[in-house]
Amino acid sequence: MPLAVWSDRYVTGIPEIDAQHKRLFQAINRLDAAYREGTEETEAQESLAFLARYTLEHFDTEEALMRAIGYPMLEFHQKEHADLMTQILAMKAKLDGGFQVPLDGADFAAHMANFAADWLAHHINEADMGYVQFAKERQPGRP
Ligand SMILES: [Fe+2]
């Protein structure tokens with residue numbers, strides 16, 4: 001069973017955002033699998049590197065969308081994004097820094113995967129749905 005399980009309650013109705021969220025779930029599961037399957041430490045590093053890159057890309061998309069619709073909570077939402085990026089990059093730096101025992105890296109990947117899965121689920125339901133609702137009210141008839 002994958003760690004991050006997609007569910008209808010995460011659907012925003014905005015196709016680009018939903019596609020990106022699903023891809024983030026996959027990226028988290030890849031990182032989690034790197035730990036569970038005891039793959040090479042490089043796989044854990046690469047999964048985390050991908051997660052960091054793709055999260056940044058996704059946040060850029062969301063922030064551009066919020067800007068475009070004049071979402072009043074943009075600054076607050078951006079801060080949540082920035083806080084997560086800080087944590088991901090700090091963990092990435094640690095993982096890239098190398099570990100004396102390979103398993104340390106795997107444990108670390110597991111910790112990061114759990115943290116990211118939990119963060120994403122809450123963030124979508126609590127923060128993202130805010131701009132989604134705002135976008136719907138702004139543009140009736142659009143998802
Ligand atoms: Fe967001």
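Which residues in H3 are buried? In H3, these are His-77, Ile-88 and Leu-95, where buried denotes 20 or more other C-beta atoms within 10 Å of a residue's own, exposed 12 or fewer, and partly exposed in between, with C-beta atoms placed from the backbone. The structure is a predicted model, in which local features need pLDDT of at least 70 and side-chain atom pairs count only at pLDDT 80 or more, while totals for chains, interfaces and linings use all residues. Residues are numbered from 1 along each chain as its sequence is written.

The protein chain contains four helices and zero strands, and its pattern along the sequence is α-α-α-α. Helices (H or I, at least four residues) and strands (E, at least two) are DSSP runs numbered from the N terminus. Of the 143 residues of the chain, 27% count as buried. Two residues are taken to be in contact if their C-beta atoms, placed from the backbone, lie within 7 Å. Among contacts between residues at least 6 apart in sequence, 73% join residues at least 24 apart.

The expected span of a helix is 1.5 Å times one less than its number of residues. The 23 residues of H3 (residues 74-96) should span 33 Å, and the end C-alpha atoms of H3 are 32 Å apart, which agrees. Buried residues in H1 include Ile-17, His-21, Leu-24, Phe-25, Ala-27 and Ile-28, and Asn-29, Leu-31, Asp-32, Ala-34 and Tyr-35 of H1 are buried as well.

The axes of H1 and H2 come within 9 Å and cross at roughly 165°; axes are lines fitted to C-alpha atoms, for helices over the stretch in contact, and angles run from 0 to 180 degrees between N-to-C directions.

The largest nonpolar core has 20 residues, of which Ile-28, Leu-31, Ala-109 and Ala-113 touch the most other members. The elements giving two or more residues to this core are helix H1 (15-36), helix H2 (41-69), H3 and helix H4 (102-138). Such a core is a set of buried Ala, Val, Leu, Ile, Met, Phe, Trp, Tyr and Cys residues joined through C-beta atoms within 7 Å.

Ala-113 lies in helix H4 and counts as buried, with 26 C-beta neighbours inside 10 Å. Not counting residues up to four places away in sequence, Ala-113 touches Leu-3, Ile-28, Leu-31, Asp-32 and Tyr-35. The C-alpha atoms of Ala-113 and Ser-47, 66 residues apart along the chain, are separated by 9.8 Å.

Glu-80 lies in helix H3 and counts as partly exposed, with 17 C-beta neighbours inside 10 Å. With residues up to four places away in sequence not counted, Glu-80 touches His-123 and Ala-127. The C-alpha atoms of Glu-80 and His-123 are separated by 8.5 Å, although the two are 43 residues apart along the chain.
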